[in-house]
Amino acid sequence: MKNYLLALRKTSLWNRILLFSGFGLISMAVFAPVLPLADPNGQDLESSLYPPAFLAGGSIKHVLGTDLLGRDVFSRLIFGTRLTVVIAVSAVVLGAFFGSILGVIAGFKGGKIDALISRITEAQLALPFILLAISFIVARGQSLGTLIFVLALVGWAQYVRIIRAETLAIREKGFVLGLRVSGCSDFRIIFQHIVPNIFGTILSLATLEVGTMILAESALSFLGIGVPPPGVSWGSDLASGKDFITMAWWLVTFPGISIVLTVLFVNTAGDSLRSHFDSRKRIF
Amino acid sequence: MTKSLLSINNLSVEARSRTEVVQAVNGASLEIGEGEIVGLIGESGSGKTTLIRSILDLHERNVQVVSGSMIFKDIECYNFEKEVNTLSIMRGKNIGMVFQSPRASLNPLMTIGSQLREVLKKHCPELGREEVRSRVIRVLEEMGLDSERVRRSYPHQLSGGMCQRASIAIAIVIQPELIVTDECTSALDVTSQAEVVNVLKKLTILHQTAMLFVTHDILLASELCHRLIVMQNGVIVEGGETSEVLANPTHPYTRGLISAVPRWG
Amino acid sequence: MKFFRYSLKKLGGSLVTLILAASLAFFISHLAGDPTVQMLGMSATPEQIAELKAELGFDRPLVVQYGSFMNELAHGDLGRSLYAGESNFALIQSRIWASIQLTMVAMVLGVVLGIPLGVYAAAREGRLADRVISSLAILGQSIPVFWLGLMLVLLFSITLNWLPAGLSGDWKNLVLPAVTLATIPLARVSRLTRAAMSNTLEDQFITAARARGLGNRRVLFIHALKNASLPVVTLIGMQMGILLSGAITVETVFAWPGLGSLATQAVRNQDLTLVQALVVYGAFLFVIINLFVELLYGILDPRIRDARQQ
């Protein structure tokens with residue numbers, strides 16, 4: 001315990017803020033069900049379209065107002081973090097995993113396999129993301145699993161190119177050639193030597209991608225093909241709120257701010273993480 | 001004693017990083033006469049690059065001159081105390097510079113010819129198109145380059161030695177009185193090195209250009225230079241006629257440099 | 001001659017990419033399962049499903065379906081809308097101009113504003129202007145573009161009543177959606193320009209240019225910017241794909257009669273063939289624009305033309 005406190009004191013103020021925010025975000029997501037919040041899906045048609053508490057007509061019971069069905073906006077904001085985090089992280093992990101594997105294979109094996117993988121990756125990148133997601137979800141039906149899969153599908157291509165380049169660079173290093181000559185199996189070389197070195201890059205890319213995934217998920221939910229009800233998603237809240245923009249501005253403002261803040265946090269935290277990794281020495 | 005062209009007096013330069021201040025050059029003084037070839041010798045970190053950058057006022061943001069003065073052709077072009085600084089006017093026009101890495105100092109997206117024309121248009125605007133063209137061809141031929149081919153080429157299409165000679169061409173085409181070369185042969189193979197040194201020798205004879213030849217290689221400098229100046233840790237430790245310095249070095253560092261050179265026979 | 005060979009190579013590559021992309025689109029939407037169950041709903045009988053399948057050709061083996069798909073594509077046929085029965089190609093053609101308008105204006109706005117901002121930020125590196133511009137760019141990349149549209153509507157249409165909130169009409173209707181969409185390229189282009197300029201300004205040929213006595217403005221714009229613009233040109237090509245995706249949500253917010261609203265319609269109607277047609281068309285646009293960008297790059301950078309395929 002003492003070690004952790006000491007380490008905490010050494011980190012800069014900025015990093016401490018980020019750490020604290022991250023902790024807060026995760027806590028919100030994890031503990032939402034046990035917090036004293038209204039049921040995010042609890043309809044109360046009597047309290048439909050209440051404005052936030054600080055405006056006329058609002059009530060303290062619904063701090064940030066209610067939507068058409070009387071559901072509490074604030075509660076939906078907090079509960080929204082759960083699926084946002086889960087979906088984004090799952091999609092990133094899935095996409096990073098497959099993308100990196102393909103990238104390593106392409107970079108290490110070279111030749112025809114590399115050409116094939118690279119061509120397919122290029123083709124994938126040519127397909128506009130939302131349209132691709134739409135075509136998949138329309139065919140398969142809306143579900144959480146489908147959503148995560150589609151997001152991962154859209155994201156994996158980014159990893160392939162960069163990981164492939166890194167793998168190529170490492171493969172050309174003297175010591176790898178030496179290992180191959182001495183009969184070391186490809187498998188061992190990849191796992192013992194290449195993977196530890198590209199891990200930092202994968203992590204950097206992944207942190208960048210989380211923000212993108214959050215934005216992508218909210219876009220899909222906004223279009224009606226994202227998180228299926230009763231899941232709480234800021235994107236779908238924006239979609240339903242948009243029809244009442246003239247009379248209930250709070251329905252579109254607050255969910256959007258949540259998205260912005262979360263993405264900003266993820267991006268800044270990712271930046272910090274990345275610069276931390278860059279200054280580290282690489283292991284061989 | 002030839003007439004003095006450039007005279008540097010008591011120049012001190014500091015380099016600041018976030019954690020410390022380093023004295024890159026400490027009270028350096030040197031003189032270059034008209035048509036003279038002076039060698040400035042030192043290892044990396046000796047301050048020689050900082051010193052010559054001061055001549056052209058080409059420092060990075062964290063590097064600053066803190067004392068000293070410079071006189072060029074009897075005019076005080078720089079004085080720290082009196083806040084005089086007209087060095088940028090002389091850049092390229094009276095003083096030319098050749099850098100170490102041959103390709104890095106050329107714009108990769110412009111042909112050699114257009115880079116030559118650009119310099120001529122800037123410093124000799126009175127020249128007509130025909131004059132400019134003939135000067136470009138002439139200076140490239142002087143460098144031993146095929147002018148028709150080279151002036152239409154991009155840097156990546158030429159060898160390292162050719163690029164370096166092209167850089168020298170760009171530096172001298174407006175006929176400056178002084179040329180400063182910063183390790184301009186260090187990045188080249190032996191044959192290209194010899195080509196460049198020959199070209200430099202020819203230059204000074206043909207045009208009476210003075211040269212400050214900066215290098216770490218004392219043997220190379222002695223082939224080319226009339227006088228040698230040795231620098232260590234920001235301080236000039238020795239100076240004099242080439243033959244004198246080689247035969248009777250007074251400073252232990254100079255002695256070390258000379259003895260480190262492998263000799264045959 | 002060298003450029004001709006380079007162009008041919010790029011053209012060939014684009015064709016291959018397009019074919020692969022179309023194939024990918026096909027397999028992704030077909031391996032997801034066939035949509036007849038979705039279309040008829042839970043209460044459909046097996047006979048109804050089988051009948052619809054046969055009618056739409058979904059009962060054929062996958063390879064055969066793929067073959068006819070590619071065959072139709074080669075003839076420029078994108079199939080028929082499951083919902084409306086019209087030719088998908090005709091449907092797309094009727095909406096494409098509105099989308100092109102919106103996307104072009106947004107791209108131009110983003111580039112025309114983004115490059116000078118990036119140059120300015122690089123020239124003032126580390127100082128206040130740079131920090132402000134960079135922070136704004138990062139913020140711009142963290143905001144969902146459709147939400148920005150909604151906020152702008154809230155502010156400019158509803159509260160201030162300065163601009164109309166959508167639908168097409170005269171240029172006034174274009175302003176809000178175009179400005180909203182423009183934030184995507186604006187943020188990326190300004191960030192990349194700044195980074196590229198900053199890197200280029202550290203290159204030795206810039207110092208060498210200064211050593212030759214060339215003026216500051218010339219060095220900045222002729223030498224630095226031309227070199228720094230190369231990665232930016234590539235980015236603009238890649239942006240088109242992202243811009244297309246962004247345009248879909250923006251068109252929904254502003255009820256802009258372009259491809260985006262066609263897509264949302266297709267989603268609502270479970271119109272699989274129309275969606276697939278849109279994907280292929282989108283890929284086609286992307287590949288064309290990318291080809292154009294690569295050719296442009298070849299003109300700007302002589303080193304690329306001489307590079308040999310490794």
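**Chain contacts and helix packing in the predicted model**

Helix 4 of chain A, which covers residues 111–126, has 16 residues and reaches 23 Å from its first C-alpha to its last, close to the 22 Å expected at 1.5 Å a residue. This value, like the others reported here, comes from a predicted model. The buried residues of helix 4 of chain A are Thr121(A), Glu122(A), Ala123(A), Gln124(A), Leu125(A) and Ala126(A). These buried residues pack against helix 6 (144–171) of chain A and, in chain C, against helix 1, helix 10 and helix 12.

Helix 6 of chain A also contains Ala165(A). Because 14 other C-beta atoms lie within 10 Å of Ala165(A), this residue is classed as partly exposed. Ala165(A) and Val104(A) are separated by 61 residues in sequence, yet their C-alpha atoms are 8.7 Å apart in space.

Helix 10 of chain C, one of the partners of helix 4 of chain A, has 39 residues, but its end C-alpha atoms are only 45 Å apart, short of the 57 Å that a straight helix would reach at 1.5 Å a residue. A bend of about 45° is found in helix 10 of chain C at Leu225(C), and the helix is followed by Ala255(C), whose phi is positive, near 50°.

Of the 2 pairs of chains in contact, chains A and C share the most contacts. Chain C contributes 43 residues to the contact between these two chains, and chain A contributes 39 residues. On the side of chain C that touches chain A, the elements giving two or more residues are helix 1 (2–31), helix 6 (128–142), helix 7 (145–159), helix 10 (216–254), helix 11 (259–268) and helix 12 (272–300) of chain C. Helix 12 of chain C gives the most to this side, with 9 residues. By class, the side of chain C that touches chain A has 30 nonpolar and 13 polar residues, and no charged residues.

In the contact between chains C and B, 17 residues of chain C meet 22 residues of chain B. The elements of chain C that give two or more residues to the side touching chain B are helix 9 (204–211), helix 10 and helix 13 (302–306), and helix 9 of chain C gives the most, with 6 residues. The residues on this side of chain C divide into 7 charged, 5 polar and 5 nonpolar. Chain A and chain B, by contrast, do not touch, and their nearest C-alpha atoms are 17 Å apart.

The largest nonpolar core comprises 146 residues, of which Ala133(A), Leu151(A), Leu181(C), Leu278(C) and Ala283(C) touch the most other members. When residues up to four places away in sequence are not counted, Leu151(A) touches Ile87(A), Ala91(A), Met213(A), Ala216(A) and Glu217(A). A second, separate core has 75 residues, including Ala24(B), Ile112(B), Ile170(B) and Leu257(B).

The secondary structure of chain B comes to 10 helices and 11 strands. The radius of gyration of chain B is 19 Å, close to the 18 Å that the globule rule gives for 265 residues, so chain B is as compact as a globular protein of that length. Along its principal axes, the C-alpha trace of chain B spans about 55 × 50 × 45 Å, and 42% of the 265 residues of chain B count as buried. Among contacts in chain B between residues at least 6 apart in sequence, 67% join residues at least 24 apart.

Key
Residues are numbered from 1 along each chain as its sequence is written. Chains are lettered from A and ligands numbered from 1 in the order in which they are written. This is a predicted model: local features need pLDDT of at least 70, side-chain atom pairs count only at pLDDT 80 or more; totals for chains, interfaces and linings use all residues. Two residues are in contact if their C-beta atoms, placed from the backbone, lie within 7 Å. Helices (H or I, at least four residues) and strands (E, at least two) are DSSP runs, numbered from the N terminus. Ala, Val, Leu, Ile, Met, Phe, Trp, Tyr, Cys and Pro count as nonpolar, Asp, Glu, Lys and Arg as charged, and the others, Gly among them, as polar. The expected span of a helix is 1.5 Å times one less than its number of residues. A residue is buried if 20 or more other C-beta atoms lie within 10 Å of its own, exposed if 12 or fewer, and partly exposed in between; C-beta atoms are placed from the backbone. A nonpolar core is a set of buried Ala, Val, Leu, Ile, Met, Phe, Trp, Tyr and Cys residues joined through C-beta atoms within 7 Å. The bend at a residue is the angle between axes fitted to the seven residues ending there and the seven starting there. The radius of gyration is taken over C-alpha atoms; the globule rule is 2.2 Å times the number of residues to the power 0.38.
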